[in-house]
Amino acid sequence: MARETMEFDVVVVGGGPSGLATALRLRQRAKAMGGDISVCLIEKGAEIGAHILSGAVFDPRALD
C-alpha cells in the first residue's frame with residue numbers, strides 16, 4: 001500500500017496560543033533572514049484552537 005507523504009521543515013503539535021505563536025514566529029524569523037521554511041501545524045480538534053484549555057473542565061467562579 002502506498003501512502004502519501006509530505007515533507008516539512010518544522011512540525012508544531014498543538015494549535016493553541018503557544019503553537020500558533022511558535023509557527024508564526026518561525027515563519028517571521030525565516031523571512032527576516034531571507035529564507036523560507038514550511039511549517040505544519042497539527043491540531044487534534046476540528047479547527048485550529050478548538051482545544052485551547054486542553055480539555056480542562058473547571059468552575060469559572062474560582063476566577064472571580
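Student: Why is Gly 14 called partly exposed?

Tutor: The relative accessible area of Gly 14 is 26%, and since buried means under 20% relative accessible area, exposed over 50% and partly exposed in between (1.4 Å probe, protein chains only), Gly 14 is therefore partly exposed. Please keep in mind that this is a predicted model, in which local features need pLDDT of at least 70 and side-chain atom pairs count only at pLDDT 80 or more, while totals for chains, interfaces and linings use all residues. Residues are numbered from 1 along each chain as its sequence is written, and side-chain values use heavy atoms, with hydrogens and water left out.

Student: Where is Gly 14 found, and what does Gly 14 touch?

Tutor: Gly 14 lies in the loop between S1 and H1, where helices (H or I, at least four residues) and strands (E, at least two) are DSSP runs, numbered from the N terminus. Not counting residues up to four places away in sequence, Gly 14 touches Gly 19, Leu 20, Leu 41, Ile 42 and Glu 43, a contact being heavy atoms within 4.5 Å. The C-alpha atoms of Gly 14 and Gly 45 are separated by 9.2 Å, although these residues are 31 residues apart along the chain.

Student: What makes Ala 23 a buried residue?

Tutor: Ala 23, which is found in helix H1, has a relative accessible area of 12%; buried means under 20%, and so Ala 23 is buried. Leaving aside neighbours within four places in sequence, Ala 23 is in contact with Val 12, Val 39 and Leu 41. From C-alpha to C-alpha, Ala 23 and Leu 41 are 7.2 Å apart in space, while in sequence they are 18 residues apart.

Student: How do you know that the buried residues of H1 line one face of the helix?

Tutor: In H1, the buried residues are Gly 19, Ala 23 and Ala 30. Seen down the axis of H1, they fall within an arc of 35°, the arc being that of the directions from the helix axis to the C-beta atoms, so they line one face of the helix. In general, an α-helix has 3.6 residues a turn, so residues three or four places apart point the same way. The face of H1 turned away from the buried side carries the exposed residues Pro 17, Ser 18, Leu 24, Lys 31 and Ala 32, whereas the cover over the buried residues includes strand S1 (10-13) and strand S2 (39-42).

Student: How does the span of H1 compare with the expected one?

Tutor: Helix H1 (residues 17-32) has 16 residues and reaches 22 Å from its first C-alpha to its last; the expected span is 1.5 Å times one less than the number of residues, and the reach of H1 is close to the 22 Å expected.

Student: What makes S1 and S2 a pair, and which hand has the crossover between them?

Tutor: Two strands pair if DSSP finds at least two bridges between them, and S1 and S2 pair in the parallel sense over 4 bridges. Val 10 stands opposite Val 39 in S2, and Val 12 stands opposite Leu 41 in S2. The chain crosses from S1 through H1 to S2, and this β-α-β crossover is right-handed, a name used if, with the strands pointing away from the viewer, the path from the first strand over the helix to the second runs clockwise.
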